[in-house]
Amino acid sequence: MTTAPSSAVPASAGEPGQFPLVLGLDTFGDLTHDDDDRADTHAQTIRNVVEQGVLADHVGVDFFGIGEHHTDDFPMPAADVVLGTIAGRTTRIRLGSAVTVLSSDDPVRVFQRYSTLDAISGGRAEVILGRGSSTESFPLFGYGLADYEDLFEEKTHLFAELLKGGPVTWEGKTRAPLHNQDVVPHTESGPFPAWIGVGGSPQSVIRAAHYGFSLMLAIIGGPPARFSPFSQLFRQALEKFGQDPRPVGVHSPGHVAATDEQAREEFWPRYLEVIRRFSKTRGFAIPTKESFAHEVGPHGALYVGSPETVAQKIAANLTLLDATRFDLKYGMPGLSQQALMTNIELYGTQVMPRVHELVG
Amino acid sequence: MTGESWSSTRLPRIAVLGSGHVGPVIARVALEAGYQVAIAASGDPEKIALITQVLAPGAEPRWAADAVKEADIVVLAIPLHRFAGFDPALVAGKLVVDTMNYWPPIDGVQEMFEDRRYGCSEIVSQRLVRSTVVKTFNHLGYHELEDERRPMGSPERRALGVASDDPVGVDVVAGVIERIGYDTVRLDSLIAGRLLEPGGPVFGVSLSRPEFELAMRVEAA
Ligand SMILES: NC(=O)c1ccc[n+]([C@@H]2O[C@H](COP(=O)([O-])OP(=O)(O)OC[C@H]3O[C@@H](n4cnc5c(N)ncnc54)[C@H](OP(=O)(O)O)[C@@H]3O)[C@@H](O)[C@H]2O)c1
């Protein structure tokens, strides 16, 4: 990696610090439960997500992101279809993937789906690309997990080429080559914003800088402070590769309710259940009330509490990580649609203004 | 990290192989404990120069062969699916710390590690016949490695398991870990080290030394 490709997405040139504060919401299509705590159907859960996206727009949220998942409790494999529906019912909010598992997808199709979303929404589309921390899509689509590094590297490169617009020539091991190929639909107003989601791989940070993507730090456990060297690494790598400055964002899970107590009570049993299931396949430790209290506290990765508690934590970590964007991954399988809608409303009407105030 | 003074005998030199999630964190905590550390990935050190400079300042990025040549301890922090392509001659005669885990949902199915008669590090050791293999670090999340350190004697100090068929190897590596900021529980074989693997009683759990020992006894009983 000595020569940098020209930047895929022109950033608004200038000093870091010039990027506006952006506050968004992400969902993985967490399976909702009804008022009697019975699981909703996948179909109902997806319709619920549409309503959540529309509400997010109405209460002033800047961005609504949907993460690709393929499991019974996260039935959300086709985020772009859902985003297209939300686009048709909104006018303002930006819409994107959070994340698209690029390693097990075709970059050409991803580009086409999101440039179509960009068309439908009048230029409101974004993508956050991930290598895939949830790996269900690999066996589903016939990819080898052991190949994830090569898959992500090659496909990121191709995606950067596609974003530039104009005919693409590309060759690699993971997909048929393209020779001077015009890929449609063309975007109306240049490339849409593209981010790379990073969960702790320094190579992914370097890759984002190399190809001129913005950096989304996915902080889902442990002290957020440990990510601050990653912002630094990203900025230095951008400089090294001769790329324009680009924003750094943070994505973390949480839940907002009227009071700290209510938020914790609603969130904890659902969180425990999900991690317990993950721990079987992934080797995570099962959380205890104690470890949960730590994650919810000032040095943990969970944003669970009243609007004031969550706003304080967002503001503190944006400053700490030198970031200008925060996306709260709200919800957890088993929470009700009512609880999610309340969360969204509080986020838009109370958390966001308070974060603006605190960050100044 | 600590106020401990340099011991009069020279500290072992450490080579970390792998510059991904895990490698730079191990390099950083070892540096802070006073060790001399080289770090390598699979290729040109130039590629990891910036990562090293920012994430483990003070470590020396090198070609793997050069890093290993001058090291007393080699830490293997590469994905398990890359191990089949790893050249055992590279670490012949060295003390090798195996941090690797086998999780098929993450690594995909790896034929070499599918033989359930053996633990992951036993299979590593069978392949690295001319090296001494010590299993540790594998059961601690890389994101905790730095934050969970505590000075010796702290009631909050967490324990890590250290397993090897070679008692001297266990001692040397346990010495490093204690200096970094953890208590150790020494296990006298890689077979016993199976208890450190994913799904085992101590994997991903923060335990003091007595709690750790108890968890192992309960499981073994
Ligand atoms: N996740 C955890 O919390 C945790 C905790 C304890 C242990 N572990 C274990 O730690 C190991 C490393 O995981 P990771 O997440 O850090 O992997 P990773 O992010 O994928 O990084 C892998 C690194 O290994 C390098 N590498 C691959 N083959 C190599 C070779 N033959 N010689 C030298 N370097 C080589 C790669 O270099 P190139 O880019 O140049 O190929 C890359 O720098 C895994 O076995 C994992 O099970 C993980």
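In chain B, the mean positions of the 22 positive and 30 negative charges lie 3 Å apart. For chain A, the 29 positive and 43 negative charges have mean positions 2 Å apart.

A word on the model itself: it is predicted, so local features need pLDDT of at least 70 and side-chain atom pairs count only at pLDDT 80 or more, while totals for chains, interfaces and linings use all residues. Residues are numbered from 1 along each chain as its sequence is written, chains are lettered from A and ligands numbered from 1 in the order in which they are written, and side-chain values use heavy atoms, without hydrogens and water.

Now to the build of each chain. Chain B has seven helices and eight strands; helices (H or I, at least four residues) and strands (E, at least two) are DSSP runs, numbered from the N terminus. Its radius of gyration of 16 Å is close to the 17 Å that the globule rule gives for 221 residues, so chain B is as compact as a globular protein of that length. That radius is taken over C-alpha atoms, and the rule is 2.2 Å times the number of residues to the power 0.38. Chain A holds eleven helices and 14 strands.

Here is the buried share (under 20% relative accessible area, 1.4 Å probe, protein chains only):

| Chain | Residues | Buried |
|---|---|---|
| Chain A | 360 residues | 57% buried |
| Chain B | 221 residues | 54% buried |

Terms used. Buried < 20%, exposed > 50% of the residue type's maximum accessible area, 1.4 Å probe, protein only. Lys, Arg positive; Asp, Glu negative; His and termini not counted. Charge placed at Lys NZ, Arg CZ, Asp CG, Glu CD.
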